Amino acid sequence: MTQTFQNKKFPYEINLLSAEKNKELLQYFHGEKTGFVQVGPEKYFFPFKYKNEAENYYNFQARPNDVWVVTFPRSGTTWTQELVWLLCNKLDFHAAKEIKLTERFPFFEFHLFVHPDIKKQILEENSHSKEHQEFVELISTPGYKLLSEIPQTKRRFIKTHFPLSLLPHSVMELKCKIIYVARNPMDVAVSYYYLNRLYRTQGYIGNFERFWNYFQESLNPWMPYFSHIREAMNFKNSNNFLYLQYEDMSADLQSSIKQLANFLECDVDETKMEALLQHLHISNFRSNTSVNGQEMIDAHILNKNENGFVRTGMTGSSIVEFQTVPGLFERANEWVNEQVHALKNQFK
């Protein structure tokens, strides 16, 4: 029988962004219509809807065998989800192709980003398709409701970008398995810039330099980036927690697979290792409609004229984007080095 935890009061203050800054951001992020809030001492940034939902997310009832993939956005999340699901499901490539990753591995808090006005507009655009409208309704339903409806007999796989301090308290109390993936912040920023342009729920219309300025100021969802990383590093030595670096996974995926399998207590069929590596290869991954956001495209949630959901997967390629603006790479690199230095000093 699953242990039930008593509801707790949400432990952090939630403050509205200043009227001036809120007005500015709404001019550049057209997916949000109401405004933004900052949460707790780290000032984690979210759409206004979080203010009314924080306690519901915090009191979600975890189960002991839940598996959580926790990342800052664009850190290899989807890649890791697919790998984790396959390892825990005996490398069932057929099921992985047939069932969308969004169904196999729900995004816990995505509904926070589906503003009612945007949802209404997208539903109207899908008036010809009951299937697409049902999908829009599905992704705009709170994850804490959807996941609670999954039978107790079925293991749950959950994606979130929440920092560890904002995860449901029962996740930590039950010591659910958590896989955290970190990635070079400059690569993250470039990929996140294109994602914010791609998703109509974000609707970013500004240029990259402005986006980077918001990144540094922690004025975009799930930021501050380095607070997110710092919280994860605090848990590195916990038995239920696995901290991975995206660059290490890219350099030696086979070793990372074995590390993950050991953490998840799954056997890996060595005869299928090459098939797994091919399945996860970026060229195959990008064309795999089960993971590349095709259902989002079909339902008009993604902008057609932007980069796709699965981009290059490369490490270090962000320098090209930064160098399009004179002096931006140097300024960004200096800030990142300062933050990394402070982080290293903290965890000596």
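This is a predicted model: local features need pLDDT of at least 70, side-chain atom pairs count only at pLDDT 80 or more; totals for chains, interfaces and linings use all residues.
**Close-up views of cavities, a pocket and a helix pair**

The residues lining the largest cavity comprise 8 nonpolar, 4 polar and 1 charged.

**Figure 1. The largest cavity and its lining residues.** The structure contains 2 cavities of 30 Å³ or more.

Figure 2. The lining of the second largest cavity is formed by Val114, Ile118, Ile122, Val136, Ile139, Thr201 and Ile301. Two or more of these residues come from each of the helices α6 (116-125) and α7 (130-139). The lining of the second largest cavity has 6 nonpolar residues and 1 polar residue, and no charged residues.

Figure 3. Lining the second largest pocket are 17 residues. Those nearest the centre of this pocket are Pro185, Tyr225, Phe226, Val340 and Leu343. Two or more lining residues are given by each of α10 (185-198), α12 (225-234), β7 (241-245) and α19. Helix α19 gives the most, with 6 residues. By class, the lining of the second largest pocket holds 11 nonpolar, 4 polar and 2 charged residues.

**Figure 4. Packing of helix α11 against helix α19.** Helix α11 spans residues 208-216 and helix α19 spans residues 328-346. The two helices pack at an angle of about 15°, and their axes are 12 Å apart. Because angles under 35 degrees count as roughly parallel, α11 and α19 are therefore described as roughly parallel to each other. The crossing of α11 past α19 is left-handed. On the side of α11, the contact is made by Phe208, Glu209, Trp212, Asn213, Phe215 and Gln216. Helix α19 contributes Leu328, Arg331, Ala332, Trp335 and Val336 to this contact. The contact of α11 with α19 comprises 7 nonpolar, 2 polar and 2 charged residues. Besides making this contact with α11, helix α19 supplies 6 residues to the lining of the second largest pocket.

Definitions and conventions. Residues are numbered from 1 along each chain as its sequence is written. Side-chain values use heavy atoms; hydrogens and water are left out. Axes are lines fitted to C-alpha atoms, for helices over the stretch in contact, and angles run from 0 to 180 degrees between N-to-C directions. Helices (H or I, at least four residues) and strands (E, at least two) are DSSP runs, numbered from the N terminus. Angles under 35 degrees count as roughly parallel, over 145 as roughly antiparallel, 65 to 115 as roughly perpendicular and the rest as oblique. A crossing is left-handed if the near helix is turned anticlockwise from the far one by less than a right angle, and right-handed if clockwise. Contact means heavy atoms within 4.5 Å. Ala, Val, Leu, Ile, Met, Phe, Trp, Tyr, Cys and Pro count as nonpolar, Asp, Glu, Lys and Arg as charged, and the others, Gly among them, as polar. On a 1 Å grid over the protein atoms alone, a cavity is a set of points where a 1.4 Å probe fits but cannot get out, and a pocket is an open set with protein on both sides within 12 Å along at least five of seven lines; lining residues have an atom within 4 Å of a point. Grid points are joined across faces, edges and corners, and a volume is the space filled by probe spheres set on the points.
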